[in-house]
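Have the viewer open and follow along.

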Amino acid sequence: MPLPSTPKKVAVIGAGAAGLVAARELKKEGHNVEVFERNTRLGGCWVYSPEVESDPLGLDPTRKIVESSLYASLRTNLPREVMGFRDFPFIPTGKVNRDSRRFPVHQEVLRYLEDFAFQFGLNELIRYQTEVRHVGLETDGKWMVKYRRVGGDEGSDVAKTYDAVVVCNGHYTEPRVADNIPGIDLWPGRQIHSHNYRTPEPYQDQVVVLIGLSASAIDICRDIAVSAKEVHVASRSEAAGILQKLGKHPVYDNLWFHPMIEKAHEDGRVSFQDGSVVLADVILHCTGYKQHFPFLHTNGSVNVDDNRVEPLYKHVFPPALAPGISFIGLPLLVLPFFLFELQSKWVAGVLSGRISLPSKEKMMEDVEALYSELEAKGVPKRHTHRIHDAKRLFGPFEYEDWLAAECGCPPAEEWRKGMFYGTFVRLIKQTETYRDEWDDEDLVLQAYEDFMQYLS
Ligand code: FAD
């Protein structure tokens, strides 16, 4: 790959999976990279911490942020063959004390990311315990980054300028809660967001109402059912219909599914839209997260509205500011690491001038066309970055394949696509067993044949 004639000085915010692969791609392309990470180690949301935040709902803006959203029992919800970066497969290492299962425990992902950073010499690019507090455009087209050391003697902000900033700060630290529940303000029980859920013990013999039916909610309701007296899952999701008809869970006799909460009462009762009522101790909000960029100052060029980061060309570049600022990792319902890698290759190639962007006007037209089509299809704004949603405009892996084509990479492999969709179907059909029972051995074989080219 030809190195850029003038390597760019690039700041990457975050050393999670997105920041690491962005740093790798920028470095590979010859840019000078500095990665800012406020934690003491790399890995982002895969760094488990038993610590929880002082505000269990995560609403207090002055709370100390705990980066991790992991619960202790978490195993991946994707098989390892599709979870890794394309050219650094996430395969069992054969080392002792590692989990070689297809859906391993969370510690295995952290070790994989550490191995990735070691392999590509990324550690020396990272400034740990350094929080970015301000990113803004200067009049000369450079980007001002102000940062401060966290923990110990914090001192004052240090300011430095860069040619470009790549934002990889993740989106699992700013909880969204269900605040439109009638009566919730006067309901006397305990409320917590899944961001602060770690283990089931604190829920021993309690009646828990859990809101949501995301991948985390599906895990957590079962995790809690082991020690709680009763668990009642309330969801407005369309996919929840079958479960709600089922009512009681077939395996756990203390776990029920309901439509959304109708009202929370002052005496501690919670009533659901199906007419049932329970006296609950805890409401656990498994209701996702907000996009949050407290450090970003763009004079209105980039905004977050109902969780849509806008306007962004292909979910990465704000047309008015491209290519100086870019966002890696916003899409949801994707293969995260694979997608981050493609987005990073695109950003690195655009910054070196090897890949061209359309004019600002054309990018804006593309963005507006996307928003109009989403609206016409009835997709709520907050789902703008969901790529593989059934209602989306994109065909299977169309977005990823578009990125790959821009970067001169092959499209997503057929086995990868099949395994991704197959896992999703198994998650719905065999929720209890999808991590340990499967029928896609043919795809696993194809994956390993493919990996051979990267494992010399
Ligand atoms: P993060 O991992 O959140 O990293 C962001 C980093 O930025 C953090 O290290 C943070 O400290 C740092 N940072 C933030 N702000 C600043 C600042 N101002 N200054 C300096 N540093 C900053 N994906 C899968 O592929 N498979 C799974 O099974 C799976 N399970 C998941 C389960 C849970 C509970 C969650 C929450 C997510 C799961 N994911 C899973 C998705 C996961 O988000 C991605 O895999 C990916 O790790 C996200 O990486 P990221 O780099 O975008 O964000």
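Helices here are DSSP runs of H or I with at least four residues, strands are runs of E with at least two, and both are numbered from the N terminus. Residue numbers start from 1 along each chain as its sequence is written. Keep in mind that this is a predicted model: local features need pLDDT of at least 70, side-chain atom pairs count only at pLDDT 80 or more, and totals for chains, interfaces and linings use all residues.

Let's begin with a loop.

Next, some phi values. Asn307, in the loop between strand 17 (303–305) and strand 18, has a positive phi near 70° despite being a residue other than glycine. Asn97 also has a positive phi, about 60°, and is not a glycine; look for it in the loop between helix 2 (80–83) and helix 3 (106–119). Are these residues buried or exposed? We call a residue buried if 20 or more other C-beta atoms lie within 10 Å of its own, exposed if 12 or fewer do, and partly exposed in between, with C-beta atoms placed from the backbone. Asn307 is buried because 20 other C-beta atoms lie within 10 Å. Asn97 counts as exposed because it has 6 C-beta neighbours inside 10 Å.

Now over to Glu34, in strand 2 (residues 32–36). Glu34 has 18 other C-beta atoms within 10 Å, so it is partly exposed. For contacts, the C-beta atoms of two residues, placed from the backbone, must lie within 7 Å. Leaving aside neighbours within four places in sequence, Glu34 touches Ala11, Leu125 and Arg127. Its C-alpha atom is also 9.0 Å from that of Glu124, 90 residues apart along the chain.

What surrounds the ligand? A residue is near a molecule if its C-beta atom, placed from the backbone, lies within 6 Å of it. The shell holds 32 residues, and the closest are Gly14, Gly16, Ala18, Gly44 and Gly170. Helix 1 (17–28), strand 4 (130–137) and helix 6 (336–351) are the elements that give two or more residues each, and helix 1 has the largest share, with 3 residues. Count Ala, Val, Leu, Ile, Met, Phe, Trp, Tyr, Cys and Pro as nonpolar, Asp, Glu, Lys and Arg as charged, and the others, Gly among them, as polar. On that scheme the shell has 16 nonpolar, 12 polar and 4 charged residues.

Helix 6 also packs against another helix. Its axis comes within 9 Å of the axis of helix 8 (residues 398–407), and the two cross at roughly 35°. These axes are lines fitted to C-alpha atoms, for helices over the stretch in contact, and angles run from 0 to 180 degrees between N-to-C directions. Leu339, Leu342, Gln343, Lys345, Trp346 and Gly349 of helix 6 meet Glu400, Leu403, Ala404, Glu406 and Cys407 of helix 8. The residues of this contact divide into 6 nonpolar, 2 polar and 3 charged.

Time for the sheets. Two strands pair if DSSP finds at least two bridges between them. Strand 4 and strand 16 run parallel, joined by 2 bridges, and Gly136 has His297 in strand 16 as its bridge partner. Another open sheet has 3 strands in the order 12-13-14, with antiparallel pairing. Neighbouring strands of this sheet are turned by 20° against each other on average, direction ignored.

Last stop: helix 4 (residues 215–225). Helix 4 is mostly covered, with 9 of its 11 residues buried, among them Ile218, Ile220 and Ile224. The buried residues of helix 4 pack against strand 9, strand 10 (230–234) and strand 11 (255–258).
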